[in-house]
Amino acid sequence: MRVYVFKRLVIAGVTLLGMSMLIFVLMRLAPGNITDMIFESAGYVDEADRRKLEAELGIDKPVPIQYVRWLGELLSGDLGKSYRYDLPAWEVIKPRLPVSLELAVLALGFSVLLGVPAGVISAVRRGRPLDYVLRVLSLAGLSMPSFWLGMIVILLLVRSLGMIPSMTYVSPFDNLGANLFQFLLPGLAVGYRSSALIMRITRSTMLEVLREDYIRTAWAKGQRETLVVWRHALKNASLPVVTLIGIEFAFLIGGLIVTETVFNLPGVARYLVDAIQVRDYPIVQNLVMLIAVVVVMANLTVDLLYTWLDPRIKYGKA
Amino acid sequence: MTLSRPLVLLVFLLVVAWPGAPVPAQTPAAPTPKYGGVLVTHPLSATPSLSPHEESTVATTQQASPCFNNLIYYDPAKKQESVDTIIPELAERWSWQDGHRNLVFFLRRDVKWHDGKPFTSADVKYTFDGVRGAPDAKAKLKVNPRKLWYENVDAIEAPDPYTVVFRLKKPQPSLLPMLASGYSPVYPAHVPLAEFKNKCIGTGPFKLKENKPGEYVEYVKNPDYFIKGRPYLDGIKFIVIRDRSTQIAAVQSGQLDVAGTGWNRTNAEDAKGGAPKLVVVETDSNVNDNILINFKKPPFNDRRIRQAINLALDRKAYLVGPRQGAATFGGALLPRPAGVWGLPVAEVAKLAGMGDPAKQKAEARKLLAEAGYGPSNPLKFTLSTRALPIYVDTASWMVDQLQQVGIETTLEQIETGVWHPKMTRLEYSVALNLTGIGIDDPDAQLFENYRCGSQRNFSGYCSEEIDRLMVEQSQTTDPKKRLALVNEIDRKLQADGARPILGWGKQHWVLWPHVKNWVTHENSIYNISRRQDVWLDK
């Protein structure tokens with residue numbers, strides 16, 4: 001197992017290196033650079049001043065030199081400075097991380113809490129009215145964009161109750177109630193869509209597992225339904241579900257841009273888009289690398305979970 | 001027959017005492033402002049910095065003006081800004097001398113910066129030497145969008161701590177309005193310029209409490225403000241909300257006291273529809289939709305092509321369509337009555353695009369035919385615009401209008417970050433643009449946007465005659481003569497199709513009734529954000 005984990009980490013390192021090159025080059029292929037943006041906000045461009053600014057920021061150097069310099073700084077823990085705000089990049093990113101993390105965790109939590117039981121119930125009650133209702137609800141979840149659902153929720157809240165969650169971030173340590181009110185709704189909006197996917201996968205794999213001989217044997221032995229379904233069948237059906245949960249979580253961190261915008265949450269995703277628009281290279285590069293690390297670690301965690309879910313799976317042995 | 005005195009007295013008493021007798025109308029007493037409360041609103045967008053001298057967006061003047069003062073400012077209480085509505089701020093009084101060649105300011109002596117240090121003439125010299133790009137300036141601005149405003153300033157002297165003299169190369173009455181602009185605050189000489197990226201040390205009615213870039217800017221009352229009894233508010237908070245529907249929901253729910261910056265009429269009506277107690281304010285603004293035609297790129301250097309494009313755009317349809325009924329028409333300067341320098345109303349009605357649309361479109365086709373374009377050889381080009389809804393809406397309408405005269409266009413949306421660089425480099429054929437003018441003043445508008453070689457002359461338009469007239473009007477101190485010159489320039493610009501103006505949009509604000517003294521100016525959106533007189537009736 002240790003050898004397996006080590007190999008996966010090495011592969012992860014190579015993946016991240018490739019990602020770093022890709023994001024570095026892609027950002028510089030986009031038209032304009034940060035100096036264009038600075039002058040954009042001033043409403044004019046002075047070429048002489050612009051070249052001077054480029055030299056100050058070090059972006060007049062050849063791209064490979066810029067890349068090597070950035071990589072070196074990154075590996076030594078120096079995330080650089082935000083070109084736009086002239087602040088250390090970490091100082092700009094740090095307060096936004098808990099916002100996106102809380103939203104992603106809540107969204108994932110809702111998606112699992114809604115999707116897995118719904119999938120199980122739908123499989124067990126296959127062909128019955130409850131199955132159809134749950135499948136229609138999951139179809140609705142797949143069809144409705146989460147940002148649209150979020151806008152509808154806000155509209156309904158303001159029209160019916162005359163209130164909406166706070167427009168500025170409330171930390172759970174300052175006011176847990178206000179924080180939960182602020183995050184539950186977007187969490188639900190995003191989680192609902194994810195739960196639809198999870199529900200369908202769960203239902204599908206449960207239907208397969210419920211046909212297995214060992215399940216029939218368990219029924220024949222007179223086991224209780226809850227034990228057969230939730231302990232025997234679900235555990236064996238959970239591998240694809242766990243895979244999907246891992247993938248969803250990885251996408252959530254960087255994919256919440258519109259939800260964060262609609263609910264005015266100052267998270268990483270929304271800020272990443274802003275940073276791309278103003279070509280704030282250090283912020284974009286560091287955030288994308290962060291998301292890449294999350295994705296890689298999430299996938300590794302999922303793979304390791306397999307060994308617990310299915311003891312027949314062993315890594316590192318022929 | 002004359003009435004006896006007792007009879008007159010009797011009649012008088014009967015009239016006054018009779019129930020239902022008319023009572024002389026009494027002007028209701030103005031409510032007494034209350035102290036306290038934090039006003040919450042949203043800005044147009046996140047501000048790139050808190051340094052107005054280095055930015056050109058109203059988002060900065062909105063969020064930085066509460067922190068600063070100018071030497072002089074436009075009176076918030078007067079709806080139309082003009083040289084007659086300029087009031088003292090850091091300067092107690094001022095005096096033009098030597099035939100408008102020297103402008104002397106006598107400064108207040110009781111002003112402190114927010115860090116407690118005293119304000120003196122050295123701060124004024126430091127600020128404006130930096131802005132005008134003086135060779136020995138201690139302040140070096142990274143970007144300097146309004147350097148042009150001060151190019152006529154030859155030197156700035158501070159003979160004593162409370163006197164400043166602006167020495168001009170030539171007379172320039174416009175210097176006074178420029179110094180009153182929200183873009184012209186005074187900076188402290190003892191604070192490095194770089195700090196204004198995210199902080200603010202000013203003399204203004206509010207002190208910066210917290211700036212979370214991209215999220216909000218929050219101010220608290222300055223207890224040592226030099227105008228006693230001001231501000232009324234305990235603080236102001238600007239929350240950045242990107243999504244328009246979220247802005248509307250936020251004001252309806254009461255989380256925002258005031259909203260509306262960047263809104264159109266429909267947004268304001270939607271907000272009020274969901275919260276009927278909201279008050280909607282609609283006024284003129286100094287922001288226009290204009291067409292950039294690349295003078296340097298054939299065939300647009302052909303006057304007939306430019307005229308045809310201009311004639312094809314029916315202004316009445318523009319008013320109904322993209323502007324939803326909220327716009328006015330004029331030339332290069334904001335039209336009267338909101339603007340001071342605009343062309344007479346009767347003349348505006350005769351500008352290209354204002355007449356009968358069928359006739360004007362027929363004339364457009366004729367001009368195109370003369371230039372060699374017609375149904376078998378249509379004029380084709382890319383119409384560029386900025387990738388923002390307010391631009392795209394109008395540009396889409398333009399595509400349709402041009403198609404009606406046989407011009408085939410493809411709409412290109414340019415990402416906002418590279419918009420000005422592309423325009424500066426003339427990397428376009430025809431573009432739909434929005435321009436907000438910092439002050440309703442000919443020097444600000446004309447030199448920036450129409451002078452040969454100006455960085456913001458995005459059309460590449462150049463006329464020596466216009467340049468000469470611009471300089472002449474800039475030095476003319478008689479207001480009537482100056483207005484005549486400005487109007488003459490405006491006529492020529494419209495005839496040349498220098499930067500055809502589609503119309504001047506209106507601004508909309510939505511506020512709760514408890515917000516008092518939230519004033520707007522009808523000829524600028526940039527010079528009104530000090531907010532020291534705003535109070536909350538709750």
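## Contacts along chain B

What share of the contacts in chain B with a separation of 6 or more comes from residues 24 or more positions apart? The share is 68%. This is a predicted model, and the values below are computed from it.

## Chain B: fold and dimensions

Chain B holds 15 helices and 19 strands. Its C-alpha trace spans about 90 × 75 × 55 Å along the principal axes. Of its 538 residues, 53% are buried.

How does the radius of gyration of chain B sit beside that of a compact globule? Chain B has 26 Å. A compact globule with 538 residues would have a value near 24 Å, so the two agree.

## Chain A: fold and dimensions

Chain A has 14 helices and zero strands. Read from the N terminus, its elements run α-α-α-α-α-α-α-α-α-α-α-α-α-α. The C-alpha trace of chain A spans about 85 × 60 × 35 Å along its principal axes.

Buried residues account for 40% of the 318 residues in chain A. Take the contacts in chain A between residues at least 6 apart in sequence: 75% of them join residues at least 24 apart.

## Confidence in chain A

The mean pLDDT of chain A is 87, and 96% of the residues score at least 70. Confidence is highest in helix α6 (residues 97-124) of chain A, at 93. It is lowest in helix α2 (residues 34-42) of chain A, at a mean of 73. Where pLDDT is low, predicted coordinates should not be read in detail.

## Helix α8 of chain A

Helix α8 of chain A covers residues 146-160, 15 residues in total. From first C-alpha to last it reaches 21 Å, close to the 21 Å expected at 1.5 Å a residue. Just after α8(A), Gly162(A) takes a positive phi of about 70°.

Which residues of α8(A) are buried? They are Ser146(A), Phe147(A), Leu149(A), Gly150(A), Met151(A), Ile154(A) and Val158(A). The buried residues of α8(A) pack against elements of both chains. In chain A these are α9 (176-210) and α12 (257-262). In chain B they are α5 (244-252) and α6 (265-274).

## Where the chains meet

The contact between the chains takes 38 residues from chain A and 37 residues from chain B. On the chain B side, α5 and α12 (419-424) each supply at least two residues. α5(B) gives the most to that side, with five residues. By class, the side of chain B that touches chain A has 13 nonpolar, 15 polar and nine charged residues.

Technical notes
Residues are numbered from 1 along each chain as its sequence is written. Chains are lettered from A and ligands numbered from 1 in the order in which they are written. This is a predicted model: local features need pLDDT of at least 70, side-chain atom pairs count only at pLDDT 80 or more; totals for chains, interfaces and linings use all residues. Helices (H or I, at least four residues) and strands (E, at least two) are DSSP runs, numbered from the N terminus. A residue is buried if 20 or more other C-beta atoms lie within 10 Å of its own, exposed if 12 or fewer, and partly exposed in between; C-beta atoms are placed from the backbone. Two residues are in contact if their C-beta atoms, placed from the backbone, lie within 7 Å. pLDDT is the predictor's confidence in each residue, from 0 to 100. The expected span of a helix is 1.5 Å times one less than its number of residues. Ala, Val, Leu, Ile, Met, Phe, Trp, Tyr, Cys and Pro count as nonpolar, Asp, Glu, Lys and Arg as charged, and the others, Gly among them, as polar. The radius of gyration is taken over C-alpha atoms; the globule rule is 2.2 Å times the number of residues to the power 0.38.
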